[in-house]
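Please read this briefing with the sequence and the structure side by side. The points are grouped by topic.

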Amino acid sequence: MSLDSLNALKEQRSGKIAEMRTMNDAAQKEGRDLSGEERKRFDALDGEVRGLSARLSDAEKLAEFERLETRGETISGNSPEGRSLINYSLSKALGESRSGALSGLEAEWHQELARDRAEVRGVMVPTEVILGGETRALTTGGSAGNMISTDLASMTDRRRAALKVESMGATILRGLSGNLELPRLIGSGAAGWVDENSNSNRSDASFGKKAMGPKTVTAEYELSRRMLLQANQALEPILRADLAYLLAQALDSAALRGGGANEPTGILSDTDIQSVTGGPFSSDIAADLIAALETDNVTGSTGFLTNSKVMNTARKIKDADGRTIPLSELFHNERVESSTQVPTDIGGSNDKNALIYGEWASLYIGYWSGVDLLVNPYHSDVASKGGAILHAFLDADVITRHPEGFRYAEID
């Protein structure tokens with residue numbers, strides 16, 4: 001549906017709402033209820049407004065999907081969008097951005113991603129190219145010196161904390177523009193039995209909404225002068241893997257217990273998400289977490305996420321005969337994953353471990369546009385050395401759309 005058609009639907013709906021408001025205001029001003037004819041017209045308008053709202057919602061969803069498909073931001077599989085990013089060079093984009101002369105595929109993506117942004121500080125890069133504040137300096141000496149050769153073997157990655165939130169099944173929204181409000185049903189109507197020819201008992205559904213808005217996470221690298229001159233394509237795996245990890249790690253951590261304000265509100269900081277009684281880990285606590293979601297009729301892909309300390313304890317639990325009890329039995333055949341991203345310092349005394357159980361699709365991660373990369377050679381730390389600071393800015397947010405889809409326990 002075209003933009004003009006969407007606007008026409010919005011105008012129709014606004015006109016009908018205005019008529020309903022006029023009728024209601026007039027009746028209230030006169031201290032009376034709506035007359036029979038007014039009630040009939042009001043109810044008819046109500047039905048038309050609801051119908052228009054449903055059409056608008058469907059049309060806006062389709063428009064959003066079409067916009068994302070046109071951008072080709074999803075690069076998984078063998079899709080046409082994936083092939084469009086195969087030849088994208090991050091190091092080329094950064095190098096050309098220093099001279100302000102982007103060209104080729106990198107220039108096309110920059111122009112597309114910057115279209116809806118009021119300000120662009122560097123070069124815009126698709127999130128898939130980057131995502132898969134620690135500061136370090138890369139020089140041509142030491143381990144970084146091994147990247148100058150044009151014949152490079154596979155690079156051995158450093159040890160990193162496992163990023164689990166997205167892999168647990170969180171819902172990913174890409175290419176967002178403006179704030180996003182996600183409606184949800186809080187309470188539904190009720191059914192009941194009545195006598196013949198009796199009126200049914202009306203009960204109303206109640207609705208709520210969760211809002212997402214862009215919040216900025218940043219990371220930075222210090223690049224030496226020789227690295228900028230000599231690395232070329234050798235810099236590509238470093239930028240894609242290491243810089244990406246810094247941004248993804250911040251998002252993963254915020255999704256777990258971000259405190260709000262400048263960062264997202266994470267699962268453990270969401271006041272609408274309840275805990276169950278904790279203590280030393282046992283299969284009973286795992287059962288209580290599962291039961292809590294079952295009580296709220298939560299269905300979907302569920303799983304446990306905790307840290308290495310809880311997992312270590314669980315692996316040592318033995319039965320009466322001294323045989324180790326399998327994790328599948330302790331966690332009642334539910335999926336269980338661990339990551340050092342899961343905090344070890346929650347609770348009143350800041351010494352408890354988090355054991356989270358949830359229907360992970362209820363967790364939404366949203367990305368606005370792409371990653372904004374800025375090469376800054378004027379920073380005081382590098383200006384006299386001829387190097388540059390590489391700043392990365394990502395606008396994203398995380399919300400728990402359905403808080404009843406999660407529970408957690410504080411484990412000793």
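In which loop is Asn307 found? Asn307 is in the loop between β8 and α10. Helices (H or I, at least four residues) and strands (E, at least two) are DSSP runs, numbered from the N terminus. This is a predicted model, in which local features need pLDDT of at least 70 and side-chain atom pairs count only at pLDDT 80 or more, while totals for chains, interfaces and linings use all residues. Residues are numbered from 1 along each chain as its sequence is written, and side-chain values use heavy atoms, with hydrogens and water left out.

**Asn307 and helix α10**

- Asn307 counts as buried, because its relative accessibility is 1% (buried means under 20% relative accessible area, exposed over 50%, partly exposed in between, with a 1.4 Å probe and protein chains only).
- Asn307 caps the N-terminal end of α10, with a side-chain oxygen 3.2 Å from the backbone nitrogen of Lys309.
- The side chain of Asn307 also makes a polar contact with the side chain of Asn353, at 3.2 Å. A polar contact is a pair of N or O atoms within 3.5 Å; within protein, one must be able to donate a hydrogen and the other to accept it, and residues adjacent in sequence count only if both atoms are side-chain atoms.
- Leaving out residues up to four places away in sequence, Asn307 touches Ser338, Ser339, Val342, Pro343, Thr344, Asn353 and Ala354 (contact means heavy atoms within 4.5 Å).
- In helix α10 (residues 308-315), the buried residues are Val310, Met311 and Ala314. These residues are on the same side of α10, because they cover an arc of only 100° around the axis (the arc is that of the directions from the helix axis to the C-beta atoms).
- The cover over the buried residues of α10 includes β8 (302-306), α11 (327-330), β9 (335-338), β10 and β13.

**Nonpolar cores**

- A nonpolar core is a set of buried Ala, Val, Leu, Ile, Met, Phe, Trp, Tyr and Cys residues joined through side-chain atoms within 4.5 Å.
- The largest nonpolar core has 52 residues, of which Ile130, Leu247, Ile356, Leu363, Leu373 and Leu394 touch the most other members. Helix α8 (residues 235-257) gives the most to this core, with 8 residues.
- Apart from its neighbours within four places in sequence, Leu247 is in contact with Ile130, Leu131, Val217, Thr218, Ala219, Val371, Ala392 and Leu394.
- A second, separate core has 21 residues, including Phe281, Ile325, Leu330 and Ala409.

**Aromatic rings**

- Rings of Phe, Tyr and Trp (its six-membered ring) pair if their centres lie within 6.5 Å; planes under 30 degrees apart count as stacked, over 60 as edge-to-face and the rest as tilted. By this rule there are 4 aromatic pairs.
- Trp360 is buried, with a relative accessible area of 0%, and Phe406 is buried with a relative accessible area of 0%.
- One aromatic cluster is formed by Phe281, Phe304, Phe331 and Tyr357.

**Salt bridges**

- The whole structure holds 17 salt bridges (a salt bridge is a side-chain nitrogen of Lys or Arg within 4 Å of a carboxyl oxygen of Asp or Glu).
- Arg32 and Glu38 form a salt bridge at 2.9 Å, N to O, and Glu30, Arg32 and Glu38 are linked in a network of salt bridges.
- Asp43 and Arg39 form a salt bridge, with the closest N and O atoms 3.4 Å apart. Because they are 4 residues apart in helix α2 (residues 36-71), about one helical turn separates them.
- Asp412 and Lys352 form a salt bridge, with the closest N and O atoms 2.7 Å apart. The pair links distant parts of the chain, 60 residues apart: Asp412 is in the segment after β13, and Lys352 is in the loop between β9 and β10.

**Positive phi values**

- His332 is not a glycine, although it has a positive phi of about 55°. His332 lies in the loop between α11 and β9 and counts as partly exposed, at 33% relative accessibility.
- Asn350 has a positive phi near 55°. Asn350 lies in the loop between β9 and β10 and is exposed, with a relative accessible area of 52%.
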